[in-house]
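Here is a walk through one protein model, taken a contact at a time. Have the structure open and follow along as we go.

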Amino acid sequence: MAGFLKTLVPKRFRKEGVAIPVVRLHGAIMASGSQFRPPLNLATAAPALEKAFGYKQAPAVAISINSPGGSPVQSRLIFQRIRALAAEKNKRVLVFVEDVAASGGYMIALAGDEIYADPTSIVGSIGVVSGGFGFPEMLKKIGVERRVYTAGSNKAILDPFQPERENEIEYLKSLQLEIHQVFIDMVKERRGAKLTDDPDLFSGLFWTGGRGLALGLVDGLADMRSELKKRYGEKTRLELVLAPKGLFGRKAPGVGGPSGDMAERIGSAGVAAVAGLAEEKALWGRFGLSG
């Protein structure tokens, strides 16, 4: 019936060419945030993904990724949701890297049946990092005594106001190794025989898109518009799927558009938000980019 009705519409008013839904997954990947520190996580990504995979006539879903990483849990959850939707809706997933898909950003990119990057994109960083600061000497200088009372001998493990202990560092490293192995297994499962036998592949190093192609981390060097038109025809339409609007008409953060001006966000944020923004900026800074 739909096909018959379409023939009744004058040709000049008909949309021609296939429509490919596009989802933008941009930003640092964090479990939580605020209006001043928009996160990218499963909660913010899922609505746009569900909508994009709901395009019945689309043979594929295109996903644009620009992320320096962040939470491994949220990265993996987004990866799993994309793969589940692809299987459920029988859609091919084409991932396109913009500036960077590193660490958790690359973990999400693994959800693609094919991954494309610009020759100057940054990809990889297949590793796990934990960071923080220690303040025990500062407390001594300003005459402050740290008092901690616990039920459980390891409840205050890695307290930044107490000196580091070797056994605590070793325990943290053991957790990192477990998470790292999960990441490695994902890369091997998704990229398979495409990967080269390079000793640095899982060392945490990152590379340009061109080098990533040689290593088997990506399938080609191309931009989204050119590749989709080459694949599905010149009349292919790219339809950006935006995140649903929330309270007061604001778009859900992390999906669909840029994250906004950093200076404006810092000026409006409180102390906690400023700390979060500093963390986010540090993630981008590792790859020579500003958030």
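Let's start with Arg 81, which counts as partly exposed because its relative accessibility is 27% (buried means under 20% relative accessible area, exposed over 50%, and partly exposed in between, with a 1.4 Å probe and protein chains only). Its side chain meets that of Glu 50 in a salt bridge, at 3.6 Å from N to O. The term salt bridge here stands for a side-chain nitrogen of Lys or Arg within 4 Å of a carboxyl oxygen of Asp or Glu. The pair links distant parts of the chain, with Glu 50 in helix α2 (residues 42-53) and Arg 81 in helix α3, 31 residues apart. Helices (H or I, at least four residues) and strands (E, at least two) are DSSP runs, numbered from the N terminus. Glu 50 is partly exposed too, at a relative accessible area of 38%.

A word on the ground rules: this is a predicted model, where local features need pLDDT of at least 70 and side-chain atom pairs count only at pLDDT 80 or more, while totals for chains, interfaces and linings use all residues. Residues are numbered from 1 along each chain as its sequence is written, and side-chain values use heavy atoms, with hydrogens and water left out.

How many salt bridges does a search of the whole structure find? It finds 12. One of them joins Lys 194 and Asp 219, whose closest N and O atoms are 2.8 Å apart. Lys 194 sits in the loop between α6 (166-191) and β6 (206-208), and Asp 219 in the loop between α7 (209-215) and β7 (220-221), so this pair ties together parts that are 25 residues apart in sequence. Lys 194 counts as partly exposed at 41% relative accessibility, and Asp 219 is partly exposed with 25%.

Now go to helix α8 (residues 224-232), where Arg 231 and Glu 227 are 4 residues apart and therefore separated by about one helical turn. Their side chains form a salt bridge at 3.1 Å, N to O. Glu 227 is buried, with a relative accessible area of 6%, whereas Arg 231 is partly exposed at 29%.

## The aromatic pair

The whole structure turns up 1 aromatic pair. Phe 96 and Tyr 116 have ring centres 5.5 Å apart and planes at 20°, so they are stacked. For the cut-offs, rings of Phe, Tyr and Trp (its six-membered ring) pair if their centres lie within 6.5 Å; planes under 30 degrees apart count as stacked, over 60 as edge-to-face and the rest as tilted.

Phe 96 lies in strand β3 and Tyr 116 in strand β4 (residues 114-117), so the pair ties together parts 20 residues apart in sequence. Both Phe 96 and Tyr 116 are buried.

## The nonpolar cores

In soluble globular proteins, nonpolar side chains tend to be buried together. Here, the largest nonpolar core has 43 residues (a core is a set of buried Ala, Val, Leu, Ile, Met, Phe, Trp, Tyr and Cys residues joined through side-chain atoms within 4.5 Å). Residues with the most contacts inside this core include Leu 25, Leu 49, Ile 78, Tyr 106 and Leu 217. Which elements give two or more residues to this core? They are β1 (19-26), α2, β2 (60-67), α3, β3, α4, β4 and α6. Helix α2 gives the most, with 7 residues.

Apart from this core lies another of 9 residues, among them Ile 20, Val 22, Ala 60 and Met 224. Back at Leu 217, its contacts (heavy atoms within 4.5 Å) beyond four places in sequence include Tyr 106, Ile 126, Leu 195 and Trp 207.

## Around helix α4

Met 107 lies in helix α4 (residues 104-109) and counts as buried because its relative accessibility is 4%. Beyond its neighbours within four places in sequence, Met 107 is in contact with Pro 72, Ser 75, Arg 76, Phe 79, Phe 183 and Met 186.

Ser 103 is in the loop between β3 and α4, and its phi is near 55°, a positive value in a residue other than glycine. Is Ser 103 buried or exposed? Ser 103 is buried, with a relative accessible area of 14%. Asn 90, in the loop between α3 (72-89) and β3 (92-102), also has a positive phi, near 55°, but counts as exposed at 70% relative accessibility.
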